[in-house]
Amino acid sequence: MTQLLVIDAASVRLSAQTGGQLALQQVSLRIAAGERIALVGANGSGKSTLLRLFNGLLLPVAGRVHKRDGLTQAMLFQRPHMLRLSVLRHVALGLWLRGTPWTGARARALLALQRVGLAKLADQAARTLSVGQQQRVAMAQAIAMEPTLLLLDEPTASLDPHAKREVEALMEDFVRAHPQAAMVFASHNLGQVKRLAQRVVYLEGGRVLADLPVADFFNPIVLQSRSPNAHLFAQGELA
Ligand SMILES: Nc1ncnc2c1ncn2[C@@H]1O[C@H](COP(=O)(O)OP(=O)(O)OP(=O)(O)O)[C@@H](O)[C@H]1O
Ligand SMILES: [Mg+2]
């Protein structure tokens, strides 16, 4: 299996954190081409921090992060940040910053907006969209980059059921169209995890307490035996 990213006993301390507390503690994970991984855990367990470590936005204070040469990443953040630009320019800018000439970037951006059903809003100011629409613009931007590692932080958290299904379909399209890429997403929606993930990583207090194939995670007997904490969490979320 081609490893895209390997993390070895990585610990992260966030700048505003005081005392001995770490946002991630001794996390070891391998992400291979073709994998679809869900990160689950309570609020504050470290899912967003782990995604930022994958994306290179954070560096570990201990341990090691090794990326395969040529790895390209795109990340959808938990709260979308829109620039003071039109929707089309916002999406195209991401591509242009990575070296796509402007005309090509605009054309690809428009295609990506069509895919997320927002082409009709291409000329509107990105900041005037609803949060759900902004989330889909961010999704369009991430997908347009055709990354080898797609990182999604709660991609459907603020969406209505219809938009949620659309974004899930986009996630499925992405993995189907890019079998050599991997997708990692944080989610509080265990139904979504079941639909989209092959592997589930459970975080608690900045530690990985379970890393299991999806079938094992959703088998209460197996989960209980592998990680009582993850079992309690799953029971709570499913209740
Ligand atoms: N900028 C920051 N400065 C200091 N501490 C932070 C910062 N961002 C997050 N933390 C802390 O780091 C820990 C992990 O936060 P993180 O955002 O990764 O959790 P999460 O699992 O994504 O939670 P949620 O489900 O609410 O999105 C928490 O204890 C949080 O309070
Ligand atoms: Mg988060």
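Glutamine 78 is partly exposed, with a relative accessible area of 34%; the term covers values between buried (under 20%) and exposed (over 50%), using a 1.4 Å probe and protein chains only. Serine 48, at 23%, also counts as partly exposed. This is a predicted model, where local features need pLDDT of at least 70 and side-chain atom pairs 80 or more, while totals for chains, interfaces and linings use all residues. Residues count from 1 along each chain as written, chains are lettered from A and ligands numbered from 1 in written order, and side-chain values use heavy atoms, without hydrogens or water.

So what holds the magnesium ion (ligand 2)? Ser48 (OG) and Gln78 (OE1) coordinate the ion at 2.0 to 2.2 Å. Donors are N, O and S atoms within 2.8 Å of the metal (3.2 Å for Na, K and Ca), and with water not among the atoms, sites may look incomplete.

## Two helices side by side

Helix α4 (residues 131-144) and helix α5 (residues 161-177) pack at about 5°, axes 11 Å apart. That makes α4 roughly parallel to α5, a label for angles under 35 degrees. Helices here are DSSP runs (H or I) of at least four residues, numbered from the N terminus.

## The nonpolar cores

The largest nonpolar core has 55 residues, and Leu113, Phe185, Val193 and Phe217 touch the most other members. Such a core joins buried Ala, Val, Leu, Ile, Met, Phe, Trp, Tyr and Cys residues through side-chain atoms within 4.5 Å. A second, separate core has 26 residues, including Leu24 and Ala182.

Key
Axes fitted to C-alpha atoms, helices over the stretch in contact; angles between N-to-C directions. Parallel < 35°, antiparallel > 145°, perpendicular 65-115°, else oblique.
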